[in-house]
Amino acid sequence: MTGSGQHRIGVLLSGRGSNLAALLAACRDGRVPSPIAMVVSNVPDAPGLDHARKAEAPFQVVDHRQSSTREQHDRKVAEILEGAGITLICLAGYLRLLSPWFVQRFPDRILNIHPSLLPAFPGLHAQRQALRHGVKITGCTVHLVDEQLDAGPIILQSAVPVHDHDDEDTLSARILEQEQILYPKALSLVCEGKIHLRSRQEQ
Ligand code: GRF
């Protein structure tokens with residue numbers, strides 16, 4: 001699957017981009033041994049693009065409202081990524097479902113970070129789901145993306161306690177701190193060719 005060799009990383013985002021900032025920092029100081037060679041946002045004024053600007057990472061906007069189907073949008077994004085020689089894609093707060101076409105185009109080459117211990121609480125508002133369920137431990141997961149929502153093979157997870165007086169904001173902030181540690185770690189394992197898929201298990 002995610003073989004070793006020199007990778008070029010693409011990041012897709014829609015919003016704040018704190019995970020992008022963490023990945024850029026990790027690339028800068030060598031914890032991730034490959035460059036972020038393209039950032040694509042589907043939202044023209046996504047605040048996360050400022051992190052790309054500051055780091056002088058190449059970025060482009062592909063406004064999804066300019067495409068009539070999900071696949072048409074994804075084909076535009078893929079063309080940009082492939083044009084930049086991207087070999088690994090990190091979703092970082094990318095608020096769009098990927099078309100099957102896109103997932104098949106980059107098999108086992110797309111990573112995502114999700115704010116729960118998957119397979120618990122997939123989909124939107126994972127932190128709210130955790131609070132409503134009453135769990136005492138939640139966390140975050142970096143996984144490979146397949147055609148099912150938040151269901152691909154897990155690379156790394158980090159556990160985060162839920163406190164009695166947490167609300168969605170306090171819990172999200174505690175999870176986010178761990179996300180920013182976990183995502184660079186998982187990405188560096190993939191870049192170094194240390195992740196091998198054997199059925200659903202990898203190490
Ligand atoms: C994070 O909580 C991530 O787990 C989820 O979307 C959020 C993105 O935050 N997929 P940011 O844009 O990276 O700050």
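Trainee: Which backbone atom lies 3.0 Å from a nitrogen atom of the ligand?

Mentor: This is a predicted model, where local features need pLDDT of at least 70, side-chain atom pairs count only at pLDDT 80 or more, and totals for chains, interfaces and linings use all residues. Residues are numbered from 1 along each chain as its sequence is written, and side-chain values use heavy atoms, with hydrogens and water left out. A polar contact is a pair of N or O atoms within 3.5 Å. The atom 3.0 Å from the ligand nitrogen is a polar backbone atom of I113.

Trainee: Which residue has a polar side-chain atom 2.5 Å from an oxygen atom of the ligand?

Mentor: A polar backbone atom of N19 lies 2.9 Å from a ligand oxygen, but that is a backbone atom. The side-chain atom at 2.5 Å from an oxygen belongs to R16.

Trainee: How are the residues of the shell around the ligand divided by class?

Mentor: The shell (a heavy atom within 4 Å) includes G17, S18 and E179. Ala, Val, Leu, Ile, Met, Phe, Trp, Tyr, Cys and Pro count as nonpolar, Asp, Glu, Lys and Arg as charged, and the others, Gly among them, as polar. The shell has two nonpolar, two charged and five polar residues.

Trainee: Which element gives the most to the lining of the largest pocket?

Mentor: The ligand sits in that pocket (more than half of its atoms within 2 Å of the grid points). Helices are DSSP runs of H or I with at least four residues, and strands are runs of E with at least two. With six residues, the element giving the most is helix 6.

Definitions and conventions. A polar contact is a pair of N or O atoms within 3.5 Å; within protein, one must be able to donate a hydrogen and the other to accept it, and residues adjacent in sequence count only if both atoms are side-chain atoms. On a 1 Å grid over the protein atoms alone, a cavity is a set of points where a 1.4 Å probe fits but cannot get out, and a pocket is an open set with protein on both sides within 12 Å along at least five of seven lines; lining residues have an atom within 4 Å of a point.
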